[in-house]
Amino acid sequence: MLNLRICLLFFFAFLTTAVRADKPDLPSPPDDFNWQWCDEVRVGILKPQQWHFLSQSKGETRGYFITKEKILGAGEFRTGLTLNVIPNVGKKRGKVASDFAKSYIREAIRDKQSVLRIIPPAEAGPAKVFGCRIRKEGSVIHYFLIADDTRDVLYLFMFESPEAEWESEWNTGETMLQKLYVDFPDE
């Protein structure tokens, strides 16, 4: 099993504060991955080669999907990573972004029988991070939330896969989540 403290420390090494530029000089990706740059939100995510990418907006929220299966019609997929970037999340809900993130995780783990792992809250630069892994309707979902209270933005990452395929698919998901690039601009 993955040691969560090591995982979080490894993640923090890649969580970067940088001055805004066109596109940062990202490190070389691991074999069989490429960087997917999400310019509107200044986030870099590792995308496995042969996987698919889709970007959508709904109101102020930006959604990014990196999926094993091509997303068709109803927007469903079985295995992949979703990133929702929600600006003004605290303002909309009368809280700061990190309070919303805590509430989100509390709700996700409400059914104690479905909880597989809880990631202890931590701080990384200007952000606070939260996470958990749950079993839900035949799938396993790993939630990883980054809350930036200063800018009032929530980055909600979700890697999911059918439970029967979780062990093999998590190898890919873990790589994607351990090497995120989030650009927190100097303000």
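Ground rules. Residues are numbered from 1 along each chain as its sequence is written, and side-chain values use heavy atoms, without hydrogens and water. Because the model is predicted, local features need pLDDT of at least 70 and side-chain atom pairs pLDDT 80 or more, while totals for chains, interfaces and linings use all residues.

Start with the core. A nonpolar core here is a set of buried Ala, Val, Leu, Ile, Met, Phe, Trp, Tyr and Cys residues joined through side-chain atoms within 4.5 Å. Buried means under 20% relative accessible area, with a 1.4 Å probe and protein chains only. The largest core has 33 residues. Ile45, Ile146, Tyr155 and Phe157 touch the most other members. Apart from that core lies another, of 18 residues, including Ile105 and Tyr143.

Now strand E3, residues 43–48. Strands are DSSP runs of E, at least two residues; helices are runs of H or I, at least four; both are numbered from the N terminus. Six of six residues in E3 are buried. Val43, Ile45 and Lys47 lie on one side, Gly44, Leu46 and Pro48 on the other. E3 has antiparallel partners. Strands pair if DSSP finds at least two bridges between them. Six bridges join E2 to E3. Two join E3 to E11, where Val43 partners Val182.

Last, helix H3, residues 97–108. Which of its residues are buried? Ala97, Ser98, Phe100, Ala101, Ile105 and Ala108.

Notes:
Buried < 20%, exposed > 50% of the residue type's maximum accessible area, 1.4 Å probe, protein only. Expected span 1.5 Å × (residues − 1).
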